[in-house]
Amino acid sequence: MTPVYDDLLSDLRGLFDGETDLIANAANAAAAMWQYLPDINWAGFYFLKGDILVLGPFAGKPACVRIPLGRGVCGTAAANRATIVVPDVHAFPGHIACDSASNSEIVVPLIRNGVVIGVLDIDSPRLDRFQHDDRIGCEAVASLFIKALG
Ligand code: SME
């Protein structure tokens, strides 16, 4: 883990300690990702309601509220139950542009007891912003978040 993710995860461990509330923990996680990760313009959550991902707590500009499962980067990551790193969002078929400043993106599915409950999404104005370290770090954030729900 790179130092920035070590620091982010250690802060999150403290923030989640003794707290199981999904909205409160997602709000603090979004704020902490925004605080620690450089070169990003959006960090937050979507939660699955039926077969639609609905906007949850985030940091950044207002975003699209509902994303059908299988649509966009978020809906594809949730449907495939796998992290997607997109070096250039303009080259991703079906990418949903919430903020025209976004150029790259990482989406990690949130899987609790084998069930997808949502996604963690981070956007960057920089092309190719998210590397292997970010995938490992963001998946660790997602798994800590799921663990905290109990
Ligand atoms: N770009 C995403 C939509 C969510 S925003 O980036 C906040 C997508 O294609 O799923």
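**View 1. Residues around the ligand.** The shell around the ligand has 13 residues, and Val73, Cys74, Ile96, Glu105 and Asp123 come nearest; a residue is near a molecule if one of its heavy atoms lies within 4 Å of it. This is a predicted model, in which local features need pLDDT of at least 70 and side-chain atom pairs count only at pLDDT 80 or more, while totals for chains, interfaces and linings use all residues. Residues are numbered from 1 along each chain as its sequence is written, and side-chain values use heavy atoms, with hydrogens and water left out.

View 2. A polar contact is a pair of N or O atoms within 3.5 Å. A ligand nitrogen lies 2.8 Å from a polar backbone atom of Ile96. For the side chain of Glu105, the distance from a ligand nitrogen to an N or O atom is 3.0 Å. For the side chain of His95, the corresponding distance is 3.2 Å.

**View 3. Elements that supply the shell.** Strand 1 (42-49), helix 3 (72-80) and strand 6 (115-124) each give two or more residues to the shell around the ligand. Helix 3 gives the most, with three residues. Helices (H or I, at least four residues) and strands (E, at least two) are DSSP runs, numbered from the N terminus.

**View 4. An aromatic pair.** Phe16 and Phe145 form an edge-to-face pair, with 6.2 Å centre to centre and 65 degrees between the planes. Rings of Phe, Tyr and Trp (its six-membered ring) pair if their centres lie within 6.5 Å, and planes over 60 degrees apart count as edge-to-face. Phe16 belongs to helix 1 (residues 3-16) and Phe145 to helix 4 (residues 132-148), 129 residues apart.

Methods:
A polar contact is a pair of N or O atoms within 3.5 Å; within protein, one must be able to donate a hydrogen and the other to accept it, and residues adjacent in sequence count only if both atoms are side-chain atoms. Rings of Phe, Tyr and Trp (its six-membered ring) pair if their centres lie within 6.5 Å; planes under 30 degrees apart count as stacked, over 60 as edge-to-face and the rest as tilted.
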